[in-house]
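Welcome! Please take a moment to look over the sequence and the model before reading on.

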Amino acid sequence: MKGYLGVDVGSVSTNIVFIDEQGDVKETIYLRTCGQPIVTVQKGLKELAQRLPENTVVRGVGTTGSGRHLAGVVIGADTIKNEITTHAVAASYLVPGVQTILEIGGQDSKIIILRNNVVSDFAMNTVCAAGTGSFLDQQASRLNIAIEDFGPISLKAKAPVRIAGRCAVFAESDMIHKQQMGCALPDILAGLCEALVRNYLNNVGKGKEILEPVVFQGGVAANVGMKKAFEDAIGVSVQIPPYFNVMGAVGAAVLAKDAVKKSVPTRFKGFAVADINYHASSFECSGCANCCEVVEINENEETIARWGDRCGKWSNALAKKEKIS
């Protein structure tokens with residue numbers, strides 16, 4: 001089998017997807033990053049290698065997410081793209097004609113507006129993590145319920161209470177207040193979903209024209225209570241695509257397929273990178289007043305990448321060295 005890898009390294013989760021030459025998703029892996037992106041990527045590759053047939057050939061690799069540059073260097077990516085691009089590509093790929101993407105992940109949320117299959121506008125949350133996956137995880141844990149039960153319980157609400165959702169701190173204290181008033185758990189959870197959707201639409205979605213088809217993706221899309229709250233708020237049906245929780249990786253894999261058409265062969269280092277010793281470190285450059293923090297990645301004892309310097313003094317030096325050798 002031949003195919004393409006997509007790797008999405010986020011602060012909460014690391015997702016790896018393998019698609020075949022026809023573009024069908026064959027394998028998906030969802031792992032908690034646990035603050036160790038390199039180790040998690042290596043663990044994911046090892047697991048993927050065990051799932052795929054022995055004769056599998058990886059023809060291209062794409063990376064995305066907040067750790068996309070790091071992952072790209074470690075595994076040898078053919079394309080490195082931001083989350084807006086990969087999520088838009090994946091949604092358009094799985095739901096042709098999509099015009100609005102609502103995306104809520106582990107620690108951020110975004111809205112992407114597409115017109116004629118092109119991204120025309122987007123926005124991300126910038127201040128508060130209220131409404132993201134990690135906040136909902138935290139509230140489910142505090143209420144002693146499994147996160148998987150959060151949505152189904154909220155659908156049993158008879159009279160959702162009003163929760164202040166503008167800030168994670170206010171939302172939690174308001175929930176505690178409503179609990180102390182004796183409000184039913186389903187009503188509190190449904191109220192929280194409505195508050196978070198209200199907050200999303202008033203901040204991330206402020207001024208955006210939401211047109212159908214509307215797609216809801218990211219880990220929070222698994223919460224049926226949030227889906228219902230979105231549909232009630234915007235008055236249109238919301239679709240949840242297959243692989244909704246690994247869409248960034250799907251988009252990266254699709255882009256990798258396009259990338260190697262232009263520049264073969266792939267730069268993928270192979271599944272053996274799972275056993276290589278990588279070490280990341282940083283130092284402050286004293287070359288000028290910017291005092292840039294330069295990140296350095298070492299493979300065994302060799303420095304293979306640097307970034308973070310505004311002038312390119314360190315990153316370009318390494319690039320020249322590679323070119324000479």
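## Overall build

Keep in mind from the start that this is a predicted model. The protein contains ten helices and 13 strands. Along its principal axes, the C-alpha trace spans about 70 × 50 × 35 Å. A compact globule of 325 residues would have a radius of gyration near 20 Å, and the 21 Å of this protein agrees with that.

How much of the protein is buried? Of its 325 residues, 49% count as buried. The accessible surface comes to about 15800 Å², and carbon and sulfur atoms account for 50% of that area. Looking at contacts between residues at least 6 apart in sequence, 61% join residues at least 24 apart.

In soluble globular proteins, nonpolar side chains tend to be buried together. Here, the largest nonpolar core has 34 residues, and the members that touch the most others are F150, L192, Y200, F216, M226 and F230. Helices and strands both contribute: the elements that supply at least two residues each include strands β6 (100-104), β7 (109-115) and β9 (214-217), as well as helices α4 (133-142), α5 (147-154), α6 (168-180), α7 (185-202) and α8 (224-234). Helix α7 gives the most to this core, with nine residues.

Setting aside residues up to four places away in sequence, F230 touches L102, I104, V197, Y200, L201, F216, G235 and V238. There is also a second, separate core of 25 residues, with F18, I29, A71 and V74 among them.

## A buried threonine

Now turn to T64, which lies in strand β4 (residues 57-64). Is T64 buried or exposed? Its relative accessible area is 0%, so T64 is buried, the cut-off being under 20%.

The side chain of T64 has polar partners. A polar contact of 3.1 Å joins it to the side chain of T86, and a polar atom of the T64 side chain lies 3.4 Å from the backbone oxygen of N82. Leaving aside neighbours within four places in sequence, T64 is in contact with residues including V7, D8, V9, K81, E83, G248, A249 and A252.

## A partly exposed cysteine

Finally, look for C288 in the loop between β11 (278-284) and β12 (293-299). With a relative accessible area of 42%, C288 is partly exposed. How far apart are C288 and C311? They are separated by 23 residues in sequence and by 9.6 Å in space, C-alpha to C-alpha.

Note on methods: Residues numbered from 1 in each chain as written. Predicted model: local features only at pLDDT ≥ 70, side-chain atom pairs only at ≥ 80, totals over all residues. Heavy atoms only, no water. Helix = DSSP H or I, 4+ residues; strand = E, 2+ residues; numbered from the N terminus. Buried < 20%, exposed > 50% of the residue type's maximum accessible area, 1.4 Å probe, protein only. Polar contact = N/O pair within 3.5 Å; in protein donor to acceptor, adjacent residues only side chain to side chain. Contact = heavy atoms within 4.5 Å. Core = buried A, V, L, I, M, F, W, Y, C linked by side-chain atoms within 4.5 Å. Rg over C-alpha atoms; globule rule 2.2 N^0.38 Å. Areas by Shrake-Rupley, 256 points an atom, 1.4 Å probe, with all protein chains shown as cover.
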